[in-house]
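Hi,

Here is the structure I promised to pass on. Have a look at it first, and my notes on what turned up follow below.

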Amino acid sequence: FLSLSLIAAEAEAQWQSYREPVGQLRFRLGLFEPVGSSDGWDMVFEGFTGQPSDLQDFAWGLDFLWRTGRNSGLLFGSSYYKGATTSGYEDWVADDGSEIRHTTQLGISDLTAAWVYRFGGVGVRPYAGIGAGFLWWSLTDEGNFIDFDSPGTPIFWAWYEASGTTFEAFGLLGLDVPLSPMWSFFIEGRYRYSYDELGDDFAGFGRLDLSGYEISGGFGINF
């Protein structure tokens, strides 16, 4: 009995010495869905069967959490997302009855920093944070379109593209589940707020809403 007590005490001491590491390297994978509430998106999908929510797709990220206190820290991160959807004209088809289709693709990457606060003491801990960063985006439309300005409204293939850099703000909520003194699992939800003006081949379309929701999960390495 004494031996078991000593082993348990030693294990507890080791856990206590590791439970508050200085930092955590985090890998996450999830789903991102654009909000798509802007005049720019209305113009992109006007007359077509698609909508911005169809661009939901996988997003992945890499974060570094630097713990500045027992319950607080700074989270530096980067993420990448690319979503695509294929749509056709709502009221027009080709002479053979087939759809006239094209693919819309949105790509987003960013560099961010956030302040994070963890609730509770040891074990499973919820956390919340707010942050901001720089965001790079690209939008393309590739496929078949109708030339309404030419006699006979011929179908033609085209590639339209626009890209830019802007700022973003975001909030996050998550739950960190320790698996060992070194490893932990987490689930996290984020909301990003970001806009930019469409230019290049989409000049005159207005603002592009780059906001969206992300739900992800991943693993953290404590050190």
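Salt bridges link Arg 26, Arg 28, Asp 63, Glu 188, Arg 190 and Glu 214 into a network. Keep in mind that this is a predicted model. The search of the whole structure gave nine salt bridges.

One of its partners is Asp 63, with the closest N and O atoms 3.9 Å apart. That pair links distant parts of the chain, since Arg 26 sits in strand β1 (residues 23-34) and Asp 63 in strand β2, 37 residues apart. Arg 26 also meets the side chain of Glu 188 in a salt bridge, at 2.5 Å from N to O. Glu 188 belongs to strand β7 (residues 183-193) and Arg 26 to strand β1, so this pair ties together parts that are 162 residues apart in sequence. Arg 26 and Asp 63 are both buried, and Glu 188 is buried too.

Back in strand β2 (residues 57-67), have a look at Arg 67. This residue is buried, at 11% relative accessible area, and its contacts include Pro 21, Gln 24, Arg 118 and Asn 222.

On the surface, Asp 39, Asp 42, Glu 46 and Glu 197 form a patch of negative charge. Asp 42, from helix α2 (residues 39-45), is exposed, with a relative accessible area of 51%.

Cheers

Note on methods. Residues are numbered from 1 along each chain as its sequence is written. This is a predicted model: local features need pLDDT of at least 70, side-chain atom pairs count only at pLDDT 80 or more; totals for chains, interfaces and linings use all residues. Side-chain values use heavy atoms; hydrogens and water are left out. Helices (H or I, at least four residues) and strands (E, at least two) are DSSP runs, numbered from the N terminus. Buried means under 20% relative accessible area, exposed over 50%, partly exposed in between (1.4 Å probe, protein chains only). Contact means heavy atoms within 4.5 Å. Patches are made of residues with over 30% relative accessible area and no salt bridge: like charges are joined within 9 Å, nonpolar side chains (Val, Leu, Ile, Met, Phe, Trp, Tyr) within 5 Å. Accessible areas come from the Shrake-Rupley method with a 1.4 Å probe; for residues, only the protein chains shown count as cover. A salt bridge is a side-chain nitrogen of Lys or Arg within 4 Å of a carboxyl oxygen of Asp or Glu. Lys and Arg count as positive and Asp and Glu as negative; His and the chain ends are not counted. The place of a charge is taken as NZ of Lys, CZ of Arg, CG of Asp or CD of Glu. Lists of a residue's contacts leave out its neighbours within four places in sequence.
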